[in-house]
Amino acid sequence: MKHLVRLFGPARDAAGAAEVEVEAATVAELLAALGERYPSLREILAVSAVAVNCEYAQPDQPLAAGDEIAVIPPVSGG
Amino acid sequence: MHIRIAEDESEVTSVAERVRAPAAGAVVTFLGTVRETSRGRRVVALEYEAYPEMALRVLREIAQEAQRRWDLGDVAIVHRVGRLRPGEASVGIAVAAGHRGPAFEACRFILERIKAGAPIWKREVYDTGEAWVEGSRVEVGRGAARLRPP
């Protein structure tokens with residue numbers, strides 16, 4: 001299943017895009033697919049979390065059609 | 001509860017007014033402000049961005065967690081986005097409580113949780129160039145993010 005993935009902060013800069021599309025069935029697969037398709041993202045993906053529908057997700061979490069997915073690089077609010 | 005991602009500084013600096021109440025004997029506020037230097041470099045501005053929908057949700061969860069841990073009144077959290085100059089306020093937290101102890105502790109707790117897990121990013125702008133601030137890696141526990149307490 002193809003998913004649209006939102007990229008924020010340093011991840012967006014590394015990819016040169018705010019949204020990318022990849023095919024994956026779980027969060028772990030999504031990270032692997034992103035790294036394969038966008039090599040410039042690999043470094044930041046290694047330290048990033050993934051959010052599904054605005055909640056941090058475990059690697060084995062399955063992805064469903066219509067899920068809102070985002071890569072969350074190390075955060076620096078405050 | 002007052003939770004906002006805002007562009008106007010006045011929303012940040014007025015957080016205490018959101019929580020003041022007759023039942024409260026203490027209101028503790030924290031303002032984060034933009035420092036003009038970072039690791040020896042002169043900072044011209046900080047540029048903040050957020051994943052707004054998720055940031056609001058995470059900030060609300062942090063405020064609720066503080067209210068579970070301490071006997072508190074109302075809580076306000078306002079985080080700025082956009083380009084901020086040195087001296088400007090980037091985040092405002094206000095915690096009301098019957099007594100000062102819980103208010104001070106909860107305010108610190110909320111700030112540390114924001115820094116550990118709210119989906120917000122900043123980059124430093126210098127005279128020559130800019131760089132994302134090295135952030136905190138979010139630790140994801142069972143079901144929800146497990147954010148390390150201070």
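How many helices and strands does chain A have? In this predicted model, chain A has three helices and five strands, and along the sequence they follow the pattern β-α-β-α-α-β-β-β.

**Chain A as a whole**

The C-alpha atoms of chain A occupy a box of roughly 30 × 30 × 20 Å along the principal axes. Its radius of gyration is 11 Å, which agrees with the value near 12 Å that a compact globule of 78 residues would have. Of those 78 residues, 42% count as buried, and among contacts between residues at least 6 apart in sequence, 50% join residues at least 24 apart.

**The contact between the chains**

Chain A contributes 19 residues to the contact and chain B contributes 27 residues. On the side of chain A that touches chain B, the elements giving two or more residues are α1 (9-15), β3 (49-52), β4 (55-56) and β5 (69-72) of chain A. By class, that side of chain A has 13 nonpolar, five polar and one charged residues.

A:Ile72 touches residues of both chains: leaving aside residues up to four places away in sequence, its contacts are A:Phe8, A:Ser48, A:Ala49, A:Val50, A:Ala51, B:Pro119 and B:Val138.

**The nonpolar core**

The largest nonpolar core has 65 residues, and those with the most contacts inside it include A:Val50 and A:Ile72 from chain A, together with B:Ile77 and B:Ile110 from chain B. Helix α3 (residues 52-69) of chain B gives the most to this core, with seven residues. In soluble globular proteins, nonpolar side chains tend to be buried together.

**A sheet of chain B and its helices**

Four strands of chain B form an open sheet in the order β1-β6-β8-β2, with mixed pairing. The edge strands, each pairing on one side only, are β1 (2-6) and β2 (26-33) of chain B, and neighbouring strands are turned by 5° against each other on average, direction ignored. Strands β6 (residues 72-80) and β8 (residues 89-97) of chain B pair in the antiparallel sense over six bridges; the bridge partner of B:Ile77 in β8(B) is B:Ile93. Two helices pack on this sheet, as tabulated here.

| Helix | Strands touched | Angle between directions |
|---|---|---|
| α3(B) | β1 and β6 of chain B | about 155° with β6(B) |
| α4(B) | β2, β6 and β8 of chain B | about 145° with β8(B) |

Helix α4 (residues 100-117) of chain B includes B:Arg100. Is B:Arg100 buried or exposed? B:Arg100 is exposed, because 12 other C-beta atoms lie within 10 Å, and a residue counts as exposed at 12 or fewer. The C-alpha atoms of B:Arg100 and B:Val28 are separated by 7.5 Å, although the two residues are 72 residues apart along the chain.

Definitions and conventions: Residues numbered from 1 in each chain as written. Chains lettered and ligands numbered in written order. Predicted model: local features only at pLDDT ≥ 70, side-chain atom pairs only at ≥ 80, totals over all residues. Rg over C-alpha atoms; globule rule 2.2 N^0.38 Å. Buried ≥ 20, exposed ≤ 12 C-beta atoms within 10 Å, placed from the backbone. Contact = placed C-beta atoms within 7 Å. Core = buried A, V, L, I, M, F, W, Y, C linked by C-beta atoms within 7 Å. Nonpolar A, V, L, I, M, F, W, Y, C, P; charged D, E, K, R; others polar. Pairing = 2+ DSSP bridges. Axes fitted to C-alpha atoms, helices over the stretch in contact; angles between N-to-C directions.
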